[in-house]
Amino acid sequence: MRELRLHDTRSGAVALLQPRDPGRVSIYACGPTVYGRLHVGNARPYVVFSLLKRFLEHEGLEVTLVVNITDVNDKIYDAARSLGQPSAGLARQMADAYRADTDRLGLGRPDAEPLASETMGPIIDHISALIETGHAYEAQGDVFFSVRSDAAYGSLSGRDLGAMDQGEGIEGAERKRDPLDFALWKGTKPEEDTAWDSPWGRGRPGWHIECSAMAESLLGLGFDVHGGGLDLLFPHHENEAAQTRAARGAELTRMWVHNGMLQLSGEKMAKSVGNIEPLHEVLDRHGPEVLLMYFAGGHYRQPIAFGEKPLGQARANVARLGEAAHRLTAGPSPAELSGHRDAFFAALADDYNTPQALVALWAWVRQANRRPPGTVGAADLREMLEMLGLEGLLEPEPEPRPDAEARGLVRKREGARAAGDYATADALRERLAELGWEVRDGPAGPELKRR
């Protein structure tokens, strides 16, 4: 098995992936907050960590991938209130839409997709442990984490205390002992329609504690990789790390891995900026293969520009790969092409470098195209395409079905022939040809084939 390396945000270096449990890798990636439809930028971590799982399994490892769904959050309350509907109902509706939209990528589902609303027991237990260890305090139904009680706070994001803003605005400011502190539990407010019982009164958790509890309850302490978008590094991931360290005396994860953002007009794509492209609309326009090729064209840690030009290039690359794939035969690939295959997997092993892997893939295609037709098997190409979620390019294109207009013309033609009106029948045949259909008459009746 190859040595597998990933960039660890805490150390700032590419490091060897050394699983906590030999032969098994555990990954937690932060999923969406379900107050609206997923935008295409949200899909990048889903794609990155789903395909990373594929690659690790290809290398002989057992992989558990957990991607949570945040269904309890300020943004959900606010969105539901503006729509005049219950917050729990909106969260369920948007969670279903998220699953449907990401299903269209064809990458399968994570091994677990926990909901914050179904993890209240572990969340409350974790907060209680923080209070018992002196790292958190209750104030009028709210509970806050004492940031200065954690000597290592800031070590993940590299920020000093003087440059930190938890992004909580003035909410609860008068109850905090220190402006740096952040909410673990929020007492319910009159305008909020969903709450849970706790030792501190009715309320609901803060965002950060939800992920700490979900990750630990499913993967235990010190799991291998915690992933997510770079925009979550601070405060979300910094706070996750601090909460677990303070409550358990141990680190939540061995390695933090962050993907870069999508950029539209030079800004990161985000609902708060208002420059989002909904994932389902992008899939409607371009299809999953084009989007997956687009993502593969950028290193996962780097920002990538989003727009019609890069998507057009991805579409051309998909078409080129499809043409190459359909010239291949079944069975093994020639040994002389194996060097390109090996280079492809070596690139993925070195910090999951998909752009460099694509260089090797295109080298394989060029060399395969120089060989006589029928002499190159598709085994290598299938193996590589599976790592990118593009194995469907090797499948035969489905036979197109005639539409209602074509079927209607065939029925009219049969009527004309039965009436002996062969001039009309021939004219209808020509009309079908103009629409791209060839009529083949047989004992069972006419059959339409795409010209």
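Okay, charges to start with: in this predicted model, the mean positions of the 52 positive and 66 negative charges of the chain are 5 Å apart. Lys and Arg count as positive here and Asp and Glu as negative, with His and the chain ends not counted. The place of each charge is NZ of Lys, CZ of Arg, CG of Asp or CD of Glu.

A word on the ground rules. Residues are numbered from 1 along each chain as its sequence is written, and side-chain values use heavy atoms, with hydrogens and water left out. Local features need pLDDT of at least 70 and side-chain atom pairs count only at pLDDT 80 or more, while totals for chains, interfaces and linings use all residues.

Now the overall picture. The chain has 14 helices and 15 strands; those are DSSP runs numbered from the N terminus, helices being H or I with at least four residues and strands E with at least two. Along the principal axes, the C-alpha atoms fill a box of roughly 95 × 55 × 40 Å. Of the 451 residues, 53% are buried, where buried means under 20% relative accessible area, exposed means over 50% and partly exposed is in between, with a 1.4 Å probe and protein chains only. The chain exposes about 20,100 Å², and carbon and sulfur atoms supply 50% of that. Those areas are Shrake-Rupley values with a 1.4 Å probe, and for residues only the protein chains shown count as cover. As for contacts, meaning heavy atoms within 4.5 Å, take the ones between residues at least 6 apart in sequence: 74% of them join residues at least 24 apart.

Let's go to helix H4, residues 120–132. How far apart should its ends be? At 1.5 Å a residue, its 13 residues should span 18 Å, and the end C-alpha atoms are 18 Å apart, so that agrees. The expected span is 1.5 Å times one less than the number of residues. Met120, Ile123, Ile124, His126, Ile127, Ala129 and Leu130 are the buried ones in H4. What covers them includes strands E5 (136–139), E6 (142–145), E7 (182–187) and E8 (203–205), plus helices H5 (207–219) and H6 (233–248). Just after H4, glycine 134 takes a positive phi of about 80°.

Staying with those covering elements, glutamine 140 sits in the loop between E5 and E6. Its phi is near 55°, positive in a residue other than glycine. Buried or exposed, then, for glutamine 140? It counts as exposed, because its relative accessibility is 70%. Over in H6, where proline 235 lies, the peptide bond from phenylalanine 234 to proline 235 is cis, with omega near 5°.

On to the aromatics. A search of the whole structure finds eleven aromatic pairs. The rings of Phe, Tyr and Trp (its six-membered ring) pair if their centres lie within 6.5 Å, and planes under 30 degrees apart count as stacked, over 60 as edge-to-face and the rest as tilted. Take phenylalanine 55 and phenylalanine 345: their centres are 6.5 Å apart and their planes at 20°, so that pair is stacked. It links distant parts of the chain, with phenylalanine 55 in helix H1 (residues 40–58) and phenylalanine 345 in helix H10 (residues 338–349), 290 residues apart. Phenylalanine 55 is buried at 2% relative accessibility, and phenylalanine 345 is buried at 0%.

Another stacked pair is phenylalanine 145 with phenylalanine 182, at 5.1 Å centre to centre and 25° between the planes. Since phenylalanine 145 lies in E6 and phenylalanine 182 in E7, this pair ties together parts 37 residues apart in sequence.

Tyrosine 352 sits in the loop between H10 and helix H11 (354–369). Tyrosine 352 has a positive phi of about 45° although it is not a glycine, and at 4% relative accessibility it counts as buried.

And which residues does glutamate 383 touch? Leaving out residues up to four places away in sequence, it touches His58, Arg341 and Phe345. Glutamate 383 lies in helix H12 (residues 379–387), and it is buried, with a relative accessible area of 19%.

Last stop, leucine 17, in the loop between strand E2 (13–16) and strand E3 (24–29). Leucine 17 is buried at 11% relative accessibility. Its contacts, again not counting residues up to four places away, include Leu4, Val25, Leu56 and Met255.
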